[in-house]
Structure formats: C-alpha cells, structure tokens
Amino acid sequence: MKVIPLWVQRAHVALVFCPLISLTTSAFAQVPVIDEATLSQAKQTAAHTQDIMNSNSEILQTVNKTLAAVTGNRSTAEIAGTALGSGFTMGRAPDFSSLLSGQMAWGQLGSYATTAAAILNGLDLVKTLSGQTDSASYTRGDKSYQALVNTASALTATVSGLQASTTSRVQTFQGVESQIGTATDIKGSIDQNSQIQTQTAQTVNELVGAVNASNAALNAEQMQQIAAEAAIAEFMTYDKSKVSLTGR
C-alpha cells in the first residue's frame with residue numbers, strides 16, 4: 001500500500017475548501033443592509049432643506065414687493081400746479097423799485113393791468129402836482145406823486161390777480177383733499193406728500209410776494225410824505241436874495 005505524504009493531504013484539503021469559502025464570502029457581500037436611523041435622519045434633513053428653500057422663496061418675493069413699493073416713479077400730476085396752476089403769480093408782478101423811480105412798468109399783469117388802468121383813468125388824476133409837463137422841470141413833489149400813482153396802479157392790478165389766484169387755489173386744494181389716501185403703495189404716498197410740500201412752499205412764496213407789494217405801497221407813501229416835508233422846509237427857508245419888498 002502506497003503511503004501519501006502529509007503535506008500532500010493538506011494541500012488537497014485546501015484546494016477543496018478554498019472555493020467553498022470564496023463562494024460563501026461573495027454571497028454575504030451582496031446582501032443589502034438598511035440603517036433605519038440613518039435613513040430617518042436623511043429624510044428629516046431633506047424635509048428641512050425643502051422648508052428652508054420654500055421660506056427663502058417667500059422672503060425673496062416679499063423683498064421684491066417691498067422694493068417695488070419704495071422705488072420707481074409715481075404720477076402726481078393731479079397735485080402738481082395746485083399752488084400756482086395757470087393763473088396769476090407774483091412772479092408776473094412788476095419791479096416795484098422801478099415804479100418808485102418814476103418809471104411805469106406793468107410786468108406781466110396782462111388783463112389785470114388793463115383793469116387797473118381803466119380804474120385809474122376813471123379817477124381823472126392830474127399828471128403832476130405843479131402842473132409842469134416837462135419832466136426836467138418836475139418838482140420833488142411831482143416825482144413822489146408819480147411814484148405813488150405808479151405804485152397804486154401796479155398794486156391795483158396785483159391785488160386783482162391775487163384775488164383771482166386765491167379763489168383758484170381754494171378750489172384746487174379742495175380737489176387735492178380727495179387724493180389723500182389713494183396712493184397704492186408707500187412710494188406713491190411719499191411722492192404725494194413731497195408734491196404737497198412743494199405746493200405749500202410755492203404758496204408761501206406767493207405770500208412773501210404779497211407782503212413785498214404791501215411794503216412797496218408803504219414805501220411810496222413814505223416817499224410822498226418825505227417829499228412834502230422837504231417842500232415845506234424849502235418854502236420856509238429864508239433867502240434874502242429872493243426877497244422883494246413892495247410899497248416903497
């Protein structure tokens with residue numbers, strides 16, 4: 001009987017079992033494994049991420065709406081021109097300083113100047129107090145008188161224009177009242193408020209012009225009084241070279 005060496009027997013055993021071990025390992029490697037805790041956490045993370053994305057989208061929409069509400073231009077044409085409109089303004093009044101110097105200027109008073117001229121012509125005023133017709137021979141009283149007449153003429157026309165513009169302004173401001181609260185967004189409300197402030201400033205400027213016209217009237221009156229006092233002082237001054245005695 002032939003005896004097989006021990007190392008050969010071991011080699012045969014290894015050759016038989018190695019394929020079996022390999023098959024068993026491959027079979028276990030292909031079995032899927034599910035970690036329930038990890039899967040649950042992954043689902044929660046995905047849900048939170050979606051919520052964050054939705055929230056960011058809503059924030060972006062809100063920001064865009066806010067930006068649209070505070071930017072861009074809004075029409076305020078219905079308010080513009082409330083203070084002045086197309087009527088009379090003090091910017092059309094003449095230069096009162098030129099009137100006090102003896103030069104008549106109607107400025108841009110238009111039809112109001114025509115009305116004022118008709119009123120003064122109806123008074124049938126004299127042209128000079130001294131009766132002089134040559135401007136070179138006018139006395140100081142004549143010059144102050146003409147300045148007073150010129151100022152009165154311009155003021156008559158200016159007052160007529162101011163009365164007409166005041167009536168128009170009342171109507172336009174009442175119309176603006178109906179526009180309050182009609183703005184569709186913040187920017188529209190801001191623009192309306194800015195326009196109202198501008199119209200208010202223009203109205204105040206008209207008031208300043210009216211006060212200036214009133215001061216011009218007072219100034220002309222004072223000039224007339226000063227001229228009269230100067231004429232009296234001149235009359236009362238003794239000049240022996242001009243004295244002539246009669247009866248001798």
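The protein chain has six helices and zero strands, where helices (H or I, at least four residues) and strands (E, at least two) are DSSP runs, numbered from the N terminus. Read along the sequence, that gives the pattern α-α-α-α-α-α. Keep in mind that this is a predicted model: local features need pLDDT of at least 70, side-chain atom pairs count only at pLDDT 80 or more, and totals for chains, interfaces and linings use all residues. Numbering starts from 1 along each chain as its sequence is written, and side-chain values use heavy atoms, with hydrogens and water left out.

**The chain overall**

- Out of 248 residues in the protein chain, 21% count as buried; buried means under 20% relative accessible area, exposed over 50%, and partly exposed in between (1.4 Å probe, protein chains only).
- Take the contacts between residues at least 6 apart in sequence: 76% of them join residues at least 24 apart, with contact meaning heavy atoms within 4.5 Å.

**Helix H2 and what follows**

- Helix H2 (residues 36-70) has 35 residues and reaches 51 Å from its first C-alpha to its last.
- That span is close to the 51 Å expected at 1.5 Å a residue, the expected span being 1.5 Å times one less than the number of residues.
- Following H2 comes Gly72, with a positive phi near 90°.

**How H4 and H5 pack**

- Two packed helices are described by the angle between their axes and the distance between the axes.
- For helix H4 (residues 111-123) and helix H5 (residues 140-177), the axes come within 8 Å and cross at roughly 130°.
- Axes here are lines fitted to C-alpha atoms, for helices over the stretch in contact, and angles run from 0 to 180 degrees between N-to-C directions.
- H4 and H5 are therefore oblique to each other: angles under 35 degrees count as roughly parallel, over 145 as roughly antiparallel, 65 to 115 as roughly perpendicular, and the rest as oblique.
- The H4 and H5 crossing is right-handed, that is, the near helix is turned clockwise from the far one by less than a right angle.
- On the H4 side, Tyr112, Ala113, Ala116, Ile119 and Leu120 do the touching, and they meet Val149, Ser153, Thr156, Ala157, Ser160, Gly161 and Ala164 in H5.
- Sorted by type, the residues of this contact come out as eight nonpolar, four polar and no charged (Ala, Val, Leu, Ile, Met, Phe, Trp, Tyr, Cys and Pro count as nonpolar, Asp, Glu, Lys and Arg as charged, and the others, Gly among them, as polar).

**Ala157 in H5**

- Ala157 sits in helix H5 and counts as buried, at 0% relative accessibility.
- Leaving aside residues up to four places away in sequence, Ala157 touches Trp106, Leu109, Tyr112, Ala113 and Ala116.
- Ala157 and Trp106 are 51 residues apart in sequence, yet 8.5 Å apart in space, C-alpha to C-alpha.

**The loop between H4 and H5**

- Asp124 lies in the loop between H4 and H5.
- Although Asp124 is not a glycine, its phi is positive, at about 55°.
- Asp124 is exposed, with a relative accessible area of 66%.

- Ala230 belongs to helix H6 (residues 186-236) and is partly exposed at 28% relative accessibility.
- Between Ala230 and Gly141 there are 8.7 Å in space, C-alpha to C-alpha, with the pair 89 residues apart in sequence.
- Gln222 is found in helix H6 too, and its relative accessible area of 47% makes Gln222 partly exposed.
- Gln222 and Leu148 are 74 residues apart in sequence and 9.5 Å apart in space, C-alpha to C-alpha.
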